[in-house]
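Me: Please take a close look at one part of this structure for me. Then place it in its wider setting. I am new to this one.

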Amino acid sequence: MNAIVGSESQGIDTETSKGLPIDVTPHPDPISSCDFCSKVVSRFSTTERNSDSIDLGSFSDAIDTECPHSKSLQNIIFKHHSGEHQCQTGKLVLETTFDGTAVWIRKYCPCKVGGSEFGTSATNHCHLVPLSSGPGGTGDTRPIDNRWIDMSVVRGWHDRCRRDHGADCDNYIVEGLGSYQPDWLIDTVQGCLSPYVPGQAPRRYLTLSYVWGRSSTFQALKNNMELLQTKGVLLSGPIARRISKTIRDAIEVTKALGETMLWVDSLCIVQDDDTIRDRAIQSMHKIYLSSALTIVAEHGETARQGIRGIKGVSKRRLHQQTRFDLADDIGKVLIFKRKEPQRVAINFPNHYHMRMWTYQEYLFSKRKLIFGSGPVTWICNKARWLEDEYSSPEDAHLEPEFQLPMAEVIKPRVPSLLDLGFILSQFSDRSITNVSDVSFAFAGIQSMLQDQKFSDGLLYGLPEVFFDIALIWVPSQVGVKRRRPITTSLGGEAGLLDKLPSWSWMGWQGSVEFLPDNEYESRGPRRAEAFGFTASVAEWFTLESPKSDVRRPIRAHWHKFRTASSDSLPDGWSRQNFSMTAWRSQRANIQLPPKSLREYTYSHFSEPRYFFWYPIPAPPHAATIEASKQTQYLYCKTTRAFLHQRPGRTRKTTLWDDTGVAVGIMVYGTSVEEKEEPRKLELVAIVKGWYTRTSVGTEMMRWAYNDKDLNWWKDQERQKLDCYFVLSIRWEEGVAYREAVGWVIAEDWDKYAEPVELILG
């Protein structure tokens with residue numbers, strides 16, 4: 001029996017003991033003709049928990065045998081705290097997990113590298129698994145074929161979820177959303193496109209999420225739609241051969257699951273009909289939310305890759321389940337398991353999870369069948385099942401990280417920049433082939449957010465209700481830079497219409513975030529600075545081009561709700577007197593309080609975990625709100641000032657006035673520029689608020705536990721400096737473009753400010 005070994009293993013700890021453990025269990029009665037294998041199997045022969053180690057002898061003796069374990073031992077990976085260590089010396093010890101279901105082999109050797117002793121190295125955890133099919137080993141490990149997927153297991157997941165979970169997995173993401181029917185679906189049995197006829201019964205369908213890549217993909221066009229409705233055209237013949245392998249394989253997976261209808265973007269959207277395409281892009285969230293299941297083709301960089309491992313359909317896969325063979329008379333093997341983050345691909349980066357288009361598809365899918373480089377995985381609201389694990393109905397539970405962000409970010413209907421920021425933290429740093437398509441890749445998310453949270457709409461990913469606050473988004477890491485179109489051949493006004501506004505995060509590549517507003521939300525990330533927004537400084541308009549006469553007002557009216565009477569509350573909100581008890585109960589989630597102590601706090605029925613310092617109307621339940629036209633230029637009348645930046649700026653650098661006094665801070669998306677000359681920056685005021693540096697943890701605990709003495713509160717209020725939040729701009733042909741963001745102390749700003757009319761592009 002040949003050992004099948006892989007490259008994944010983990011170091012168990014960083015011990016560097018030179019000798020064997022003191023407590024070593026004596027050798028039990030033989031279980032096999034092989035002494036080494038008898039010792040290994042004996043560890044699993046009792047139900048009692050036993051933390052004692054078993055001495056397996058020397059490495060050289062263990063491999064000096066004809067037993068199958070010899071080859072496995074020579075090929076298995078041992079790791080220590082800083083990497084792999086492959087030597088064939090030292091002593092071997094078998095150690096056991098606390099629950100007794102898994103073991104690992106630790107090696108003690110005298111090797112030295114760079115003068116340092118390794119001491120110990122270890123394999124990954126492994127379970128004892130019978131060679132015969134079915135459960136019966138230790139733990140939940142299932143032996144799998146490294147070449148071919150057992151589709152009966154996958155079909156079992158599908159049937160079990162449909163039978164046992166039902167509505168729990170149908171409605172958990174966005175409650176109250178009616179079933180959406182795409183215009184076209186692939187009939188996988190008939191092998192052709194099938195139109196939806198208004199009035200007919202809703203059709204159950206699956207969706208495919210995959211990476212197009214730069215490979216040419218056959219697409220539905222106005223001139224081939226009649227042909228694509230011909231029976232069998234997608235299963236064989238010249239058209240079928242031109243369809244991407246991933247799509248052809250997804251058709252077969254759909255049939256293997258006992259389903260009929262499949263939605264795939266390249267074939268179910270008429271790609272050269274702008275009206276149909278734009279409507280589908282705006283409805284992407286509804287298409288995936290209404291789908292019964294999404295087939296996620298996670299592996300591969302193009303649609304030519306296919307879904308590997310489907311016997312009789314696609315090429316064999318390259319998955320490798322690490323096995324450690326034992327003596328033939330035992331009838332069992334050890335199977336090593338990778339760490340959990342390595343086995344479920346959403347936890348680590350690959351090409352699929354680095355693409356913008358796939359983010360919203362994955363986000364909105366209520367059931368996911370994932371074909372990646374690891375074991376096939378099923379994720380729904382009630383369960384997560386993996387191909388290399390046995391599961392039972394009692395296992396129908398899901399760890400919290402797999403329910404995010406939908407459960408905690410999308411469901412609450414309260415308008416919140418923090419919730420939007422959570423989504424952007426996962427989206428904005430992803431890549432896209434055509435940079436001008438960023439707004440399209442976000443369109444489904446934006447439509448959903450408008451229906452669920454921001455009834456006043458969003459403009460290029462910024463909620464209009466918080467528009468001026470949202471303009472002060474900041475880079476959350478180094479390397480945030482302007483996106484540029486692939487071609488720049490267009491000149492004049494046409495060249496400006498690239499759908500990449502500098503004022504929106506969409507116009508920048510890299511990870512971004514919104515500043516937490518401590519005047520509105522009681523929660524937020526713990527950071528070295530705290531912020532609050534208190535007043536608007538301008539009325540904002542959007543326009544289609546710099547020369548447009550038509551200017552649509554932007555509904556940025558958060559400040560009106562901040563100062564409104566609390567006697568009349570928006571629907572869904574309730575009011576409570578501010579109390580230390582309520583504050584103390586949420587101390588794990590809160591940021592700094594607002595600048596001035598409030599009489600009331602407010603709660604919304606959809607978000608019982610947090611309170612707010614003033615209420616903002618939420619969209620009505622299950623609302624569908626017409627999207628605002630996305631126009632990329634802004635106009636306002638505000639103030640500007642010219643301040644100085646010294647040479648050698650860093651990512652966060654100080655602003656100075658003409659007398660050399662520090663008056664503010666600018667934040668850039670790029671790192672240090674040591675050779676940069678002194679610069680005089682043109683800054684424009686966007687919104688007014690306050691800023692302070694703080695040690696959030698210490699101050700919050702002091703505030704939350706002090707019922708009587710509020711003197712420190714007054715001290716904190718004095719440290720919160722009134723300021724203007726500003727943008728650094730440059731002008732091109734009468735249009736200003738954002739370069740950086742910052743804040744300037746209000747008293748100093750007022751000394752230098754002058755009026756300006758601003759067109760921001």
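Reply: A residue counts as buried under 20% relative accessible area, exposed over 50% and partly exposed in between, using a 1.4 Å probe and protein chains only. This is a predicted model, where local features need pLDDT of at least 70, side-chain atom pairs count only at pLDDT 80 or more, and totals for chains, interfaces and linings use all residues. Residues are numbered from 1 along each chain as its sequence is written, and side-chain values use heavy atoms, with hydrogens and water left out.

Start with Thr692. Its relative accessible area is 4%, so Thr692 is buried. It sits in strand 34, residues 679-693. Strands here are DSSP runs of E, at least two residues long, and helices are runs of H or I, at least four long; both are numbered from the N terminus. The Thr692 side chain reaches the backbone oxygen of Gln719 at 3.1 Å.

Now two loop residues. Most residues other than glycine have a negative phi. Glu733 has a positive phi of about 50 degrees and is not a glycine. Its loop runs between strand 35 (721-732) and strand 36 (735-745). Glu733 is exposed, because its relative accessible area is 73%. Tyr460 also has a positive phi, near 50 degrees. It lies in the loop between strand 19 (458-459) and strand 20 (462-463). Tyr460 is buried, at 4% relative accessible area.

Next, the core. A nonpolar core is a set of buried Ala, Val, Leu, Ile, Met, Phe, Trp, Tyr and Cys residues joined through side-chain atoms within 4.5 Å. The largest one has 130 residues. Phe442 and Trp505 are among those with the most contacts inside it. Contact means heavy atoms within 4.5 Å. Setting aside neighbours within four places in sequence, Phe442 touches residues including Gln360, Leu420, Phe427, Gly461 and Trp505. Another core lies apart, with 27 residues, among them Val41 and Phe78.

Last, a sheet. Two strands pair if DSSP finds at least two bridges between them. An open sheet is formed by 8 strands, in the order 10-9-12-11-13-16-17-18, with mixed pairing. Its edges are strand 10 (192-195) and strand 18 (384-386), each pairing on one side only. The twist averages 25 degrees from one strand to the next. Axes for such angles are lines fitted to C-alpha atoms, for helices over the stretch in contact; angles run from 0 to 180 degrees between N-to-C directions. Within this sheet, strand 16 (368-371) and strand 17 (377-379) run antiparallel, joined by 3 bridges. Lys368 has Ile379 of strand 17 as its bridge partner.

Conventions: A polar contact is a pair of N or O atoms within 3.5 Å; within protein, one must be able to donate a hydrogen and the other to accept it, and residues adjacent in sequence count only if both atoms are side-chain atoms.
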